[in-house]
Amino acid sequence: MSSENPVSSEHGDSVQAKRTHFKIGSRKSKLAMVQSEYIKSRMEQMYPDFTFEIVNFDTKGDKILNIALPKIGDKGLFTKELEDALLTNRIDFVVHSLKDMPCQVLPDNLIISGVPEREDPSDSLVIAKRWVETKKSLDDFEENSIIGTSSLRRISQLKEKYPKLKFETIRGNLQTRMSKMDDEKKFDAIILATAGLKRMKYDDRISHILPPETCLHAVSQGALGVESRRNDFEVIRMLNRLNDEETLLRCIAERTFLAKLEGGCSAPIGVNSCLTKNSIILEGAVFDLEGTKRIQDRFEINFNDKSNACPIIPAVSDQSDLNETKNIDSPKRSFKDSNEENKMPKRVKVENSDQIIEPSLRHFCFLADLNIDENKMIKAELCGLHLAQKLKEKGADLLINEIKLVVHGSF
């Protein structure tokens, strides 16, 4: 797929002379296609001399629509088939909703190297057409009104604030869910990610955007993640040009927080993050399934502080082997082993008798960028680790394990 003679694009990026056509992997759903078309358009603008083609795949999560997501299992539910194609060189990179990407494991030799500017990460209330004239928010619904959502995180938080309402699981693509609510009248309203509604041009159906104090959003919600092969530095450089620094840093913090808690689709975990001029702030919480208990806290870290300025760091180091180097034989790389790859030596290859040394590729919860200030990425990662540790000290581990036992029948 690559040539022996590297050349530069008009933007100065090193690319391979014979690889001017790139295949983009995507799920078949309309939302996935909209997202992939957006990335394709961005790449065409940045690299007008190259061509880009979208290749569609069905994933396990697309095929199983009659079971709630937490009961299916969350690792690779919407990604495995796409990643298999990437690993076997059938495609060059994959466009994902970043919230679908596992935080603790990633197939060997893959990395997330493109994270463009995030869409609104909040959740939105969409009210059935038959009620839009009389109801504007969840406060307006009568007792036992049925609200649909596919997320335990949303259900747990909204049960706490609206105990009189009934929350039930709804699956399917956006159009299917709308039809179940409007045409089949199975739901009085549904809760959906604001980003998906906006990308699909359903802005006019948003009745109310839920604020963080009502519903903390999912980790990485609203962000896209473009996955590539770890050793394909030409594509990594190309995709890095998509990256939005604020989005990348916030997602590093959020994903690290979730990975450290060992949560996923089966655990109701919500976050809210923001960047100031000199710091990153992360708020996070774990909820029980009935909406009767929450463990919540926040953490802020200054980009200019030295690492030893934070008193929680020793506790993290003592209780975790996140920084230990291990030999990995499994085709899956775990979050706990990620630091081995962070220390990966520079790759050397010989082309035309000249040595070309590729840069070392450090990643943060599998997000990688060759240009953004590494200190900021380190601090974002530490922010997620510290907040997770604070919640663990309050009993988050026990609560998460209790939830997994109920959902899966085991930890």
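Modeller: Let's start with one rule: two strands pair if DSSP finds at least two bridges between them. Keep in mind, too, that this is a predicted model.

Biologist: Okay, with that rule in hand, which strands make up the open sheet, and in what order?

Modeller: The open sheet has 3 strands in the order β14-β15-β16, and the pairing is antiparallel. At the edges sit β14 and β16, each of which pairs on one side only. From one strand to the next, the twist averages 10 degrees.

Biologist: How many bridges hold β14 and β15 together?

Modeller: β14 and β15 pair over 7 bridges, in the antiparallel sense. You can find Ile269 standing opposite Val286 in β15. The two strands form a hairpin, with 3 residues between them.

Biologist: And how many bridges are there between β15 and β16?

Modeller: That antiparallel pair has 9 bridges. Look for Gly284 opposite Asp297 in β16, and for Ile280 opposite Ile301 in β16. β15 and β16 also form a hairpin, this one with 6 residues between them, and Gly291 in the turn has a positive phi of about 75 degrees.

Biologist: Which helices pack on the sheet?

Modeller: α9 packs on the sheet and touches β14 and β15, its direction making about 150 degrees with that of β14. α12 packs on the sheet as well, touching β15 and β16, and its direction makes about 150 degrees with that of β16.

Biologist: Is β15 largely enclosed or open, then?

Modeller: A residue counts as buried when its relative accessible area is under 20%. In β15, 8 of the 9 residues are buried, so the strand is largely enclosed by the rest of the structure.

Biologist: How do I read a helix like α4? Which of its residues are buried?

Modeller: Leu82, Glu83, Ala85 and Leu86 are the buried residues of α4. Looking down the axis of α4, you see them fall within an arc of 160 degrees, so they line one face of the helix. Their cover includes β3 (21–27), β4 (51–57), β5 (93–97), β6 (105–107), β7 and β13.

Biologist: What follows α4?

Modeller: Asn89, whose phi is positive, near 65 degrees. To put that in context, most residues other than glycine have a negative phi.

Biologist: Is Ser220 buried or exposed?

Modeller: Ser220 is buried, with a relative accessible area of 1%. Asn144 is partly exposed, at 47%.

Biologist: Last one: cysteines. How many disulfides are there?

Modeller: The general idea is that a disulfide is a covalent bond between the sulfur atoms of two cysteines. To call one from coordinates, we ask for a pair of cysteine sulfur atoms within 2.5 Å. By that rule, the count here is 0 disulfides. Take Cys274: its nearest cysteine sulfur, that of Cys383, is 9.4 Å away, and Cys274 is in no disulfide.

Biologist: Is Cys215 buried or exposed?

Modeller: Cys215 counts as buried, at 3% relative accessibility. Cys274 counts as partly exposed, at 33%.

How values were computed. Residues are numbered from 1 along each chain as its sequence is written. This is a predicted model: local features need pLDDT of at least 70, side-chain atom pairs count only at pLDDT 80 or more; totals for chains, interfaces and linings use all residues. Side-chain values use heavy atoms; hydrogens and water are left out. Buried means under 20% relative accessible area, exposed over 50%, partly exposed in between (1.4 Å probe, protein chains only). Helices (H or I, at least four residues) and strands (E, at least two) are DSSP runs, numbered from the N terminus. The arc is that of the directions from the helix axis to the C-beta atoms. Contact means heavy atoms within 4.5 Å. Axes are lines fitted to C-alpha atoms, for helices over the stretch in contact, and angles run from 0 to 180 degrees between N-to-C directions.
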